[in-house]
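Subject: Structure handover

Hi there,

Here is the structure I promised to pass on to you. Please have a look at it first, and then read my notes below.

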Amino acid sequence: MKATLRPVLNETSNRISSEISAPAPKDDSLLLDAYSTAVSGAAERISPTVVHVEVAHPSTSGRPSGGAGSGFVFTPDGFILTNSHVVAGASSVQVTLLDGRKFAADVVGDDPDSDLAVLRIGAVNLATAELGDSAAVRVGHVAIAIGSPYGFQCTVTAGVVSAMGRSLRAASGRMIDNIIQTDAALNPGNSGGPLVNSRGQVIGVNTAVILPAQGICFAIAMNTAKFVAARLMRDGRIIRARLGVAGMNVPILRKVVRFHRLAVERGVMITSVEAGSPAERAGLRPNDIIVGFGEYPVTTIDVLHRMLSDEHADAKTPMTVLRGAEKLVLDVVPEIGAGKKVKSVEAARIG
């Protein structure tokens with residue numbers, strides 16, 4: 001027995017000794033180099049598209065009044081995406097490109113409910129940002145914010161995506177859902193600037209921070225921004241129907257999907273219902289999971305937002321929800337109008 005074990009023990013002892021005497025791997029340094037390369041590469045790709053936005057406001061006191069923010073070019077003929085609160089109430093808007101050129105900008109469309117606005121300048125053949133897919137973003141992914149905080153143009157900060165599916169109250173009172181939370185530092189003037197991934201694709205539009213906290217910053221998801229920007233370019237505004245709920249994207253248990261023969265494996269779980277809202281009148285409750293609106297499946301908040309257009313306002317529409325183990329179909333009548341404005345002491349706009 002001893003003769004059989006001795007060669008095995010000797011081999012194990014020799015392997016351990018060689019591992020102890022071997023030089024320590026440099027994985028950490030390689031990882032840091034890869035991270036730095038990714039951030040710098042993304043910044044180089046997106047920086048030519050980032051603009052500084054200066055606004056002037058009407059003043060009754062005779063003193064000039066204004067503000068500033070950021071934005072980014074997303075079409076070669078001068079369409080720019082920024083935050084609604086950056087340009088709200090502005091008497092004039094001026095945009096400065098990375099190469100120093102300045103242009104007067106027209107506000108093509110403004111949507112306070114999503115805190116997004118589209119500007120246009122008289123320029124052509126501009127560098128454009130690549131718009132990414134925010135649905136592909138995961139917690140822990142690299143997040144890079146670029147903007148003009150305090151007027152310092154094209155300032156880059158980097159961090160990670162801290163959470164997905166947050167909700168944030170817009171200045172209009174409507175809840176903005178599917179917000180991306182990051183720890184990439186934001187400061188006044190960053191509002192409207194792009195949040196990009198390691199490939200330089202825009203995954204969000206920076207909008208707000210939590211004032212007392214360190215490293216809790218928010219961006220509007222790019223998939224929401226794509227939809228809003230397209231409507232603003234076409235119509236100049238968005239007419240929405242509302243349900244009066246706040247929600248978050250959730251997976252549905254596989255056995256529930258099979259039992260009810262659902263066409264979806266994800267839905268929107270209601271987290272709160274406004275008093276007196278269409279949702280309350282229809283009998284919707286917190287923790288209900290919305291899986292269908294009319295004849296269409298609902299898998300995410302973005303999908304539900306797209307369905308709540310003006311054509312569904314004041315029209316009775318069947319809504320399919322999961323309540324515990326039950327599947328219910330409730331008739332809801334969405335209405336046009338903003339929700340009750342709620343003052344928040346936690347979140348603050350940043351520019």
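**What I found**

Gln181 lies in strand 9, which covers residues 175-182; helices (H or I, at least four residues) and strands (E, at least two) are DSSP runs, numbered from the N terminus. Before going further: this is a predicted model, where local features need pLDDT of at least 70, side-chain atom pairs count only at pLDDT 80 or more, and totals for chains, interfaces and linings use all residues. Residues are numbered from 1 along each chain as its sequence is written, and side-chain values use heavy atoms, with hydrogens and water left out.

Back to Gln181: its relative accessible area is 10%, so it is buried (under 20% relative accessible area; exposed is over 50% and partly exposed in between, with a 1.4 Å probe and protein chains only). Leaving aside neighbours within four places in sequence, Gln181 is in contact with Val160, Val161, Ser162, Ala163, Arg166, Ile216, Cys217 and Phe218 (contact means heavy atoms within 4.5 Å).

Cys217, one of those partners, is buried as well, at 4% relative accessible area. Cys154 is buried at 18%. The structure holds zero disulfides, a disulfide being a pair of cysteine sulfur atoms within 2.5 Å.

**The barrel**

Six strands form a closed barrel in the order 1-2-3-6-5-4, with antiparallel pairing; two strands pair if DSSP finds at least two bridges between them. From one strand to the next, the twist averages 40° (axes are lines fitted to C-alpha atoms, for helices over the stretch in contact, and angles run from 0 to 180 degrees between N-to-C directions).

Strand 2 (residues 65-73) is joined to strand 3 by two bridges, and the two run antiparallel. They make a hairpin with five residues between them, and Gly78 in the turn has a positive phi of about 100°. Phe72 has Leu81 of strand 3 as its bridge partner, while Leu81 has Val118 as its bridge partner in strand 6.

Are the faces of strand 3 covered or open? Both are covered: Phe79 and Leu81 are buried on one side, and Ile80 and Thr82 are buried on the other.

Strand 3 (residues 79-82) also pairs with strand 6 (residues 116-121), antiparallel and over four bridges. Within this pairing, Thr82 stands opposite Ala117 of strand 6. Helix 4 (residues 222-235) packs on the sheet and touches strand 3, strand 5 (102-111) and strand 6; its direction makes about 55° with that of strand 6.

**Two more residues**

Val256 belongs to helix 5 (residues 254-260) and counts as buried at 17% relative accessibility. Apart from neighbours within four places in sequence, Val256 is in contact with Leu262 and Leu322. Val256 and Glu326 are 70 residues apart in sequence, yet 9.2 Å apart in space, C-alpha to C-alpha.

Gly189 sits in the loop between strand 9 and strand 10 (194-196), and it is buried, with a relative accessible area of 4%.

**The whole chain**

The chain has seven helices and 21 strands. Of its 351 residues, 46% count as buried. Among contacts in the chain with a separation of 6 or more, 63% come from residues 24 or more positions apart.

Happy browsing!
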